[in-house]
Amino acid sequence: MQSTNTVSAPVNVSVLPLIGRLLMATIFLVSGFGKLMAPSGTIGYIASVGLPLPELAYAGALAAELGGGLMLVLGYRTRWVAAALVVFSVVSAVLFHNALGDQNQMFHFLKNLAMAGGLLQFIAFGGGTFSLDERKSELTGGLSTAR
């Protein structure tokens, strides 16, 4: 009896984590680039929710979105980066998208939670075959704990 869980078409599943990393990183990179192009507007928005030191929060958001997005694309320290982006996504949802009576804000709140859920998969399973983490693991004989 053949299992119904088999894939009938030849699919190289080892590329799927790379595609997932690229898709997940896109929202962080695009958002970070938008913040980079409009610093005063972003800092003003951060200040409008009452956060202290909005310039520092702006710098942290840039580091998380651009740095974290790039590291996710490369698959470098994927589990740690994904964990940091989970925290960033949930904190951003709570601080900036908490007007759940507004349908647009509820959408952004849920989007951030969905991103956090997707990132949890990278924490659980790592960056996959096509990642710097995997490359480092191959070079060190599988003894790397950097993932």
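Modeller: Start with Lys35 and Glu65: they form a salt bridge, with the closest N and O atoms 3.2 Å apart. The term covers a side-chain nitrogen of Lys or Arg within 4 Å of a carboxyl oxygen of Asp or Glu. Lys35 sits in helix α1 and Glu65 in helix α3, so the pair ties together parts that are 30 residues apart in sequence. Helices here are DSSP runs of H or I with at least four residues, strands are runs of E with at least two, and both are numbered from the N terminus. By the salt-bridge rule, the count comes to one. Side chains of opposite charge can pair when their charged atoms come close. Both partners, Lys35 and Glu65, are buried. Buried means under 20% relative accessible area, exposed means over 50%, and partly exposed lies in between (1.4 Å probe, protein chains only).

A word on the basis. This is a predicted model, in which local features need pLDDT of at least 70, side-chain atom pairs count only at pLDDT 80 or more, and totals for chains, interfaces and linings use all residues. Residues are numbered from 1 along each chain as its sequence is written, and side-chain values use heavy atoms, with hydrogens and water left out.

Now the surroundings. The protein has six helices and zero strands. Of its 147 residues, 30% count as buried. Take contacts between residues at least 6 apart in sequence: 68% of them join residues at least 24 apart. Contact means heavy atoms within 4.5 Å.

Next, the nonpolar interior. A nonpolar core is a set of buried Ala, Val, Leu, Ile, Met, Phe, Trp, Tyr and Cys residues joined through side-chain atoms within 4.5 Å. The largest core has 15 residues. Met24, Phe28, Leu72, Leu85, Phe88, Leu119 and Phe122 have the most contacts inside it. The helices that bring two or more residues to this core are α1 (16-37), α3 (54-74), α4 and α5. Helix α4 gives the most to the core, with five residues. Look at Leu119. Apart from neighbours within four places in sequence, Leu119 touches Met24, Phe28, Leu72, Ala82, Leu85, Val86 and Ser89. There is also a second, separate core of five residues, which includes Ile46, Tyr58, Leu62 and Phe96.

One aromatic pair turns up in a search of the whole structure. Tyr45 and Phe96 make that pair, tilted, at 5.4 Å centre to centre with 35° between the planes. Rings of Phe, Tyr and Trp (its six-membered ring) pair if their centres lie within 6.5 Å; planes under 30 degrees apart are stacked, over 60 edge-to-face, and the rest tilted. Tyr45 lies in α2 (residues 39-48) and Phe96 in α4 (residues 78-96), so this pair ties together parts 51 residues apart in sequence. Tyr45 is partly exposed at 39% relative accessibility, whereas Phe96 is buried at 17%.

Val87, Val90, Val91, Val94, Leu95, Leu100, Met106, Leu110 and Leu113 make a nonpolar surface patch of about 690 Å². Patch residues have over 30% relative accessible area and no salt bridge; like charges are joined within 9 Å, nonpolar side chains (Val, Leu, Ile, Met, Phe, Trp, Tyr) within 5 Å. Helix α4 gives the most to the patch, with five residues. Helices α4 and α5 (103-125) each supply at least two. Leu95, in α4, is partly exposed at 33%. The protein as a whole exposes about 8900 Å², with carbon and sulfur atoms supplying 71% of it. Areas come from the Shrake-Rupley method with a 1.4 Å probe; for residues, only the protein chains shown count as cover.

Leu53 is in the loop between α2 and α3. Its phi is near 50°, a positive value in a residue other than glycine. Leu53 is exposed, at 58%. Arg77 is in the loop between α3 and α4. Arg77 also has a positive phi, about 50°, although it is not a glycine. Arg77 counts as partly exposed, at 31%.
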